[in-house]
Amino acid sequence: MPGSFSVTTMKCFSHWLETRLNCIKVFQAASDLKQFCLQNVHHDLLLTGASSTTNPFTPQKVCSFL
């Protein structure tokens, strides 16, 4: 089948990929994530809310005739 890889080829590729990953300890990753979140808290719309002028999901006003 064209475009398919053998199991051996995929195992070799998987091993090659794993050797190129930079591993860090969980506590370091958690610390980095916490620091990132604290630095970017003012950009988080779930915490700060969106203004009505910039929020694309505000309900559209309906115009009705009497």
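**Figure 1. Nonpolar surface patch around F13.** In this predicted model, F5, M10, F13, W16 and L17 make a nonpolar surface patch of about 540 Å². Patch members have over 30% relative accessible area and no salt bridge; like charges are joined within 9 Å and nonpolar side chains (Val, Leu, Ile, Met, Phe, Trp, Tyr) within 5 Å. A salt bridge is a side-chain nitrogen of Lys or Arg within 4 Å of a carboxyl oxygen of Asp or Glu. Areas follow the Shrake-Rupley method with a 1.4 Å probe, and for residues only the protein chains shown count as cover. F13 sits in helix α1 (residues 7–19). F13 counts as partly exposed because its relative accessibility is 44% (buried is under 20% relative accessible area, exposed over 50%, partly exposed in between; 1.4 Å probe, protein chains only).

Residues are numbered from 1 along each chain as its sequence is written, and side-chain values use heavy atoms, without hydrogens and water. Local features need pLDDT of at least 70 and side-chain atom pairs count only at pLDDT 80 or more, while totals for chains, interfaces and linings use all residues.

Figure 2. The protein chain has three helices and zero strands, in the order α-α-α from the N terminus. Helices (H or I, at least four residues) and strands (E, at least two) are DSSP runs, numbered from the N terminus. Mean pLDDT, the predictor's confidence in each residue from 0 to 100, is 80 for the protein chain, with 92% of its residues at 70 or more. Confidence is highest in helix α2 (residues 26–39), at a mean of 93, and lowest in helix α3 (residues 45–48), at 79.

Figure 3. F57 is exposed because its relative accessibility is 73%; P59 is exposed because its relative accessible area is 74%. For P59 and L17, 42 residues apart along the chain, the C-alpha separation is 47 Å.

**Figure 4. Extent and surface of the protein chain.** The C-alpha trace spans about 75 × 40 × 15 Å along its principal axes. The radius of gyration of the protein chain is 24 Å, whereas a compact globule of 66 residues would be near 11 Å (taken over C-alpha atoms; globule rule, 2.2 Å times the number of residues to the power 0.38). Of the 66 residues, 0% count as buried.
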